[in-house]
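These are my notes on the model, point by point. Please read them with the structure open.

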Amino acid sequence: MRVALLQRRAFARAVVFAVFVIGAVVGSAAPAVASGPTTLGVSGWQVYSNTNIFGNPDALQIHGDPGEYAAAPAIPAQNDPGWADCGPSSPLRSSPYNGTHPLCPNATTIGMAVGSILSGCWSQLNFTYFQALVSIPAGTTISQFSVNMSGADDGARISLVNSQYPNGVTPSNGYIYQLTPQSTGNLASYVAAGEVNRVVITQVDDCAVGNNLNSAQILLNGTVIPPAPADTTPPTDNPVVSPAANGAGWNNSDVTVNWNWTDSGSGIDLSHCTQSSASTGEGAITLTSTCQDIAGNQASDSVTVHVDKTAPTDSPVVSPAANGAGWNNSDVTVNWNWTDSGSGIDLSHCTQSSTSTGEGAITLTSTCQDIAGNQASDSVTVHVDKTAPVLAYSGNAGTYAADQSVSISCSASDALSGVASSTCAAVSGPAWSFGLGTHTVSATATDNAGNTGTGSTSFTVTVDANSLCALVQQFSTKAGIANSLCVKLQAAAAAAARGQAKTEANDLNAFDNEVAAQSGKALTADQATLLAQFAAAL
Ligand SMILES: [Ca+2]
Ligand SMILES: [Ca+2]
Ligand SMILES: [Ca+2]
Ligand SMILES: [Ca+2]
């Protein structure tokens, strides 16, 4: 009686404890979610044998009490290599009893009945794990789900992993132990249709001599789920490249392939399927995905993408080349010489050459696109001056009397490249010094672009009696001589005005004689010669 009372109190406590273990992390990847199975079925059980012995943290002497699982190691991941198929050749466990007996000789029901590796009861614990994969087609109504067990020595709990509980859940009504039925409660709310649900049993042994889980079967809506039909067909895929290649088959950014694996039988095993792959780098890149269904059939697929992320580059050549001062004096053509090491340049989207028009600083621009759609642009500024410098003479009176002064200035200007060199020179001096008659001066100027301009101007030097008289007055060192010579010139002019050519000739002859007489005296010899020449022109 006293034991019975203790057990009732412990049962109440265990229920409270169980509430807290809902959602316990079981350390496993979620099984397949997408592209779910089409046939209801359950895989054979697998076993994970753990021969470690743990201290029992649970003071209650109830076989399989939920408090004992606080000592249990984490549930092994679904693909942990320690899992072994149940069946006649399942692993043996070294133990003092039934040491040669397979751990779980029946893949459908487990059928574990081996000796305990513990010594005594209550103080030591040993845990054994079993897992099965339940494929439930989409659209299946799930009103009841349970794991029905028998001969559980000493207890067991159920954990479920699916898309709803990717980290696993251990429902409070998923425990069986002394004083409870050998079947879980209804776990329907923890199960998902349209995918593979992983069912894990953690079996605990807390007392020698036996260590048993005679039978474990999974029920859906009151019926034992049948073994999954043989699935010998590997998954198939429907790869979608994103972003899609352009019409020429090229991408200009990294590419992602979503493989879209589906499996018509047991469903794909997400933990063994590459869902998407992303390219890195450039060039022809082959992306590969492998995928396995729950039955272990494997498929693989590859997609080759062509990625070019690098824009074309150019090597512009200016023709004709600018001179040393950076100027051209004719229209300039730039050959851009675009190249592309990836997809190649798209000629229909590349300016191959550009030619300037007009003058000044002219910026020529070219854009170029490669086949993958990467665009580049470049500019070259050329300096064009086609206009020659302008030469201008100023201050030219046109006609100068012999005693006047000539002062003509010359300027060269260039509005674009500027004057580089010029022969432009001022013309200045006494009119007599240029000699009688018409004189033409000219000059050239070259700009920095190499254009040459020319300019010229003309003036005429004349003489009459008055201007020759003025010249005599400038030359003669003696005023009396100058006066005498001027009287002769004025007399000649008066005679000419009267039409008396003979008298005029006599007067000029007298002028010449006096000039000759004064050569080397009041006049220099050169002055005398020049005055005689000018008088002859009257
Ligand atoms: Ca036992
Ligand atoms: Ca398949
Ligand atoms: Ca490129
Ligand atoms: Ca110019």
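1. In this predicted model, three strands make up an open sheet with the order S18-S19-S20, and their pairing is antiparallel. The edges are held by strand S18 (317-319) and strand S20 (353-355); each of these has a single partner strand, so one side of each has no neighbour in the sheet. From one strand to the next, the twist averages 20 degrees.

2. Within that sheet, S18 and strand S19 (residues 333-335) are joined by 3 bridges in the antiparallel sense. As background, strands of a sheet pair through backbone hydrogen bonds, either parallel or antiparallel.

3. Another open sheet consists of 3 strands in the order S13-S14-S15, again with antiparallel pairing. Here strand S13 (240-242) and strand S15 (276-278) are at the edges with a single partner strand each, so each has one side without a neighbour in the sheet. The twist in this sheet averages 20 degrees from one strand to the next.

4. Strand S14 (residues 256-258) pairs with S15 over 3 bridges, in the antiparallel sense. Thr256 has Ala278 in S15 as its bridge partner.

5. How is the chain divided into domains? The division gives domain 1 (2-224), domain 2 (240-307), domain 3 (317-384), domain 4 (390-462) and domain 5 (465-536). Between the C-alpha centres of domain 2 and domain 5 there are 118 Å.

6. Strand S29 (residues 452-462) pairs with two strands described here, S28 and S24. With strand S28 (residues 437-447) the pairing is antiparallel and runs over 10 bridges; Ala443 stands opposite Gly455 in S29. With strand S24 (residues 399-401) the pairing is parallel and has 3 bridges; Tyr400 stands opposite Val461 in S29.

7. S28 and S29 form a hairpin with 4 residues between the strands. In this hairpin, Gly450 has a positive phi near 100 degrees.

8. Is Tyr393 buried or exposed? Tyr393 belongs to strand S23 (residues 390-394). Inside 10 Å it has 20 C-beta neighbours, and the cut-off for a buried residue is 20 or more, so Tyr393 counts as buried. Leaving aside residues up to four places away in sequence, Tyr393 touches Ile408, Cys410, Gly455 and Thr457. Gly455 is also the residue of S29 that stands opposite Ala443.

9. Two packed helices are described by the angle between their axes and the distance between the axes. For helix H3 (residues 465-475) and helix H4 (residues 479-498), the angle is about 175 degrees and the axes are 9 Å apart. Angles over 145 degrees count as roughly antiparallel, and H3 and H4 are therefore roughly antiparallel to each other.

10. Which residues make the contact of these helices? H3 contributes Ala465, Leu468, Cys469, Val472 and Gln473, while H4 contributes Ala482, Leu485, Cys486, Leu489, Gln490, Ala492 and Ala493. By class, 10 of the residues in this contact are nonpolar, 2 are polar and none is charged.

Conventions:
Residues numbered from 1 in each chain as written. Chains lettered and ligands numbered in written order. Predicted model: local features only at pLDDT ≥ 70, side-chain atom pairs only at ≥ 80, totals over all residues. Pairing = 2+ DSSP bridges. Axes fitted to C-alpha atoms, helices over the stretch in contact; angles between N-to-C directions. Buried ≥ 20, exposed ≤ 12 C-beta atoms within 10 Å, placed from the backbone. Contact = placed C-beta atoms within 7 Å. Parallel < 35°, antiparallel > 145°, perpendicular 65-115°, else oblique. Nonpolar A, V, L, I, M, F, W, Y, C, P; charged D, E, K, R; others polar. Domains from an automatic or database assignment.
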